[in-house]
Amino acid sequence: MITEYGHFALALALALAILQTVVPLLGVAWRRGLWMDFGGVAARWQFGLLVFAFGALAYAFLTNDFGVTYVAQNSNSELPWFYRLSAVWGAHEGSLLLWALILSGWAAAVSRRSETLPQDIAAIVIAVMGMISIAFLLFLIMTSNPFLRVWPAPAEGADLNPLLQDIGLIAHPPILYMGYVGFAVPFAFAMAALVRGRLTPAWASWARPWTVAAWCFLTVGIALGSFWAYYELGWGGWWFWDPVENASFMPWLLGTALIHSLVVSEKRGTFKNWTVLLAIGTFALSLLGTFLVRSGVLTSVHAFATDPERGIFVLAILGIIIGGALALYAWRGPQALAGNRYELVSRESFLLANTLILSVATVTVLLGTLYPLILDAMKLGKISVGPPYFNLVFSLVMSPLVVLMGLGQFARWKADSLRRLLIQLSWFVGGALVIGVVVTAELIPGTRWRAAAGIFLALWVASSTLSGVWARVAHRQHLAAALGALPRSFVGQCLAHLGFAVTMAGVALTSTQSLDLHTRLAPGEKVTLGAYQIRFLSLHEMDETNYHASEGLFAIEQGDKQLSEVRPQKRFYRVRGISTTEAGIVPGLSRDFYISLGEPLGDGAWSVRLHIKAFVRWLWLGALMMAGGGVLSIREKRILKVETMTAANTLGSIG
Amino acid sequence: MTPRRRRMWTIGLLVCGMAIATALILKAFQQNLMYFYSPGDIAAGKAPSNRDFRIGGMVVKGSVKRDQKTLAVRFTLTDYAHETVVTYDGILPDLFREGQGIVANGRLNPAGLFVASEVLAKHDEKYMPPEIAASLKKKPSNLDNAP
């Protein structure tokens, strides 16, 4: 019965979404304060109803109600309860419900914090988010309803895809969606500003904390996904340039550009048109990502053709929302006034170059992701774009960004001189060069120069960040007190940029300095990998509730000393008849040992993958630092907000 | 420099940078495109011999032969009309099984063997390369005689 209430709550949420859109807009048109405020009330009620609907679906999963088609297709009574819970968002219908739930959550949060916003802007922001809600709730109810029943109810469910039966996958989709969907907020702010013709610095300062919050979630979500691929897929890769990954990476790239452009719009009142375009583009890419992942177009266009309704529906949403936004931009955008002037060497120029390069990088990823799909859809042949394209082009495009980032992050607004910047940087960069040379001498000869390029760039960013901190505190008497007194947003910026350097160093080192060996190994045998010996001790079989596992026991030795033992598994999931690989990993800051079982080759021997992954943890550590930096800079905004609103145009000198 | 000249310089630099970047990107794109061919295409001589491409097909039952000492493996792919022999030196993916559809990246050697650098079988057990699915739809009777 609870399922039916959930279904009903979903329909009611749609009705509220319509009210949330229509009433505040009429309020703005007719200047009625109460009507304008009603949007926020509707948004919070809509959120409550969707929480209930989501809870009802979760209840159906937890109680093994296989009378619900979606539950029967994606769960099984042998699953442990936490995987039954995460199975709620394990497939199409449930993840769309999560999408809608999170969207209404963001709208409710914006309405809670709207007291500092002008009433009309808040009303339009909430109305725009209501429109997006309408589109997705209609999509959910008409094509992908998770509450549909099947009669007679099957006795047992078809099980959750075993690859998704993993702790990392419980948290990954909700966090990723928080990021994706969160970009609806700056989009809605951009629409509100266009409608009211008020692209002011205050507008940028309202939109920025929301954008940064969404960006932080997306950063953590992507890092979790990459981490999951690393330990669950069993071949030691951490990024595959797979279309699904690209779908989340493109909004991240453009969202990064948006954050930086918002800074300039807020502090200097410039780039406002560009900021609005970036806000539209970032949300468009979030929608495109939803389309790519959710329409089935990726498996093949034929799958798309068998269920054209869903794909066409998302494409229509994308077309209407983004087309409408661009039309509004074309109509209202050019009215925005030109901002303050700036010189060629100034922080504005560096930030502009940064956002342009990030946009180009986004386009290159977009090209590689969409071109095969378009060609296939037009029946012009089947092609795929290999990772070498992405690796080569992406590093080429991003290199100038990194060089400019080192120069520009502490350049002065309006005008600066290259000479002054280089002098400020000289000591730290000199030190970094020495470190770089020492590190390079330690690298594996074959790939030394490729790694060195990445390391020097990472050191360049890190040393430039540190020299900026030093410039702030050097003339103070009490160093510790001066460091503690640094503004949060400054610390956040530095932490995020250091995180970027850490990730970059991790990418450069792990992709060139790792060792791997694919070999045939029987219990009792050992092989040498680098400075280590890896011994295959034994293999035993075990039965768990919903799978059978073959577990190997490996010892990692250096000289006569045993460093650690690893137990990789090969699992066979009975219900779906699928095998998965559970890698055995010994984590470490400078290297991971990574062992996974391939397949039995007869006579007790197995094919085995042995990896020593150099500095692989740095990838995710850096991502966490970036997200942490974002969080710090959000916390600062609350304090500054009043100031930015009153002294909107005069805040030129904060640096 | 006057503001006007400065602006011209900025725009000029931007345009040049964009043009060079676009040219490099498109060149890399062109070089890394991989086309997809079926065993039938290869039999008809459509597949290139000097660059990598993708092949897709069903693994013929009983065709998987392993080397006793190394990881080398050899199997036959079919689109139920033509067959291509594939060799691979490495670990096959979890979902690789006889009678199932897979995709491999690699190139043809002079003897007409497909030397795979990567074997993919990353969808579920019902996955079939789309081209095979299409050709099966055309000739459903072939399913029963399938090897």
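From the N terminus on, the elements of chain B follow the order α-β-α-β-β-β-β-β-β-α-α, which amounts to four helices and seven strands, where helices (H or I, at least four residues) and strands (E, at least two) are DSSP runs numbered from the N terminus. The model is a predicted one, in which local features need pLDDT of at least 70 and side-chain atom pairs count only at pLDDT 80 or more, while totals for chains, interfaces and linings use all residues. Residues are numbered from 1 along each chain as its sequence is written, chains are lettered from A and ligands numbered from 1 in the order in which they are written, and side-chain values use heavy atoms, with hydrogens and water left out.

Of the 147 residues of chain B, 40% count as buried, a term that stands for under 20% relative accessible area, with exposed meaning over 50% and partly exposed the range in between (1.4 Å probe, protein chains only). Among the contacts in chain B between residues at least 6 apart in sequence, 52% join residues at least 24 apart, a contact being defined by heavy atoms within 4.5 Å.

The interface of chain A and chain B draws 41 residues from chain A and 32 residues from chain B into contact. The size of an interface is often given as the accessible area lost when the parts come together. For chain A and chain B the buried area is about 3,200 Å², with carbon and sulfur atoms giving 64% of it; this quantity is the accessible area (1.4 Å probe) that two parts lose on being put together, summed over both. Two salt bridges are found across the interface of chain A and chain B, the criterion being a side-chain nitrogen of Lys or Arg within 4 Å of a carboxyl oxygen of Asp or Glu. A salt bridge joins Lys570(A) to Asp94(B), with the closest N and O atoms 2.4 Å apart. On the side of chain A that touches chain B, the elements that give two or more residues include helix H14 (347–377), helix H15 (387–408), strand E10 (591–602) and strand E11 (605–614) of chain A. By class, that side of chain A has 16 nonpolar, 15 polar and 10 charged residues, where Ala, Val, Leu, Ile, Met, Phe, Trp, Tyr, Cys and Pro count as nonpolar, Asp, Glu, Lys and Arg as charged, and the others, Gly among them, as polar.

Within chain A, an automatic or database domain assignment gives the domain bounds, and chain A is divided into domain 1 (1–165) and domain 2 (515–614). The C-alpha centres of domain 1 of chain A and domain 2 of chain A lie 43 Å apart, and 14 residues of domain 1 of chain A are in contact with eight residues of domain 2 of chain A. Between them, domain 1 and domain 2 of chain A bury about 830 Å², 50% of it on carbon and sulfur atoms. In domain 1 of chain A, the residues that lose the most area to domain 2 of chain A are Glu78(A), Asp159(A) and Pro162(A), which together account for 58% of what that side buries. One salt bridge is counted between domain 1 and domain 2 of chain A; Arg574(A) forms a salt bridge with Glu78(A), the closest N and O atoms being 4.0 Å apart. The side of domain 1 of chain A that touches domain 2 of chain A comprises six nonpolar, six polar and two charged residues.

Individual positions in the helices of chain A were also examined. Asn354(A), which lies in helix H14 of chain A, is buried at a relative accessible area of 14% and, leaving aside its neighbours within four places in sequence, is in contact with His260(A) and Leu401(A). Gly629(A), found in helix H20 (residues 617–646) of chain A, is buried with a relative accessible area of 2%. Although 138 residues separate Gly629(A) and Val491(A) in sequence, the two are 7.2 Å apart in space, C-alpha to C-alpha. With neighbours within four places in sequence left aside, Gly629(A) is in contact with Gly492(A), Leu495(A) and Ala496(A).

Backbone geometry was considered next. Most residues other than glycine have a negative phi, and most peptide bonds are trans. A cis peptide bond joins Trp151(A) and Pro152(A), with omega about -5°, and Pro152(A) lies in the loop between helix H6 (119–143) and helix H7 (167–182) of chain A. Trp241(A), although not a glycine, has a positive phi of about 55°; Trp241(A) is placed in the loop between helix H9 (201–232) and helix H10 (243–268) of chain A and is buried, with a relative accessible area of 10%. Asp603(A) likewise has a positive phi, of about 60°, although it is not a glycine; Asp603(A) lies in the loop between E10 and E11 of chain A and counts as exposed at 73% relative accessibility.
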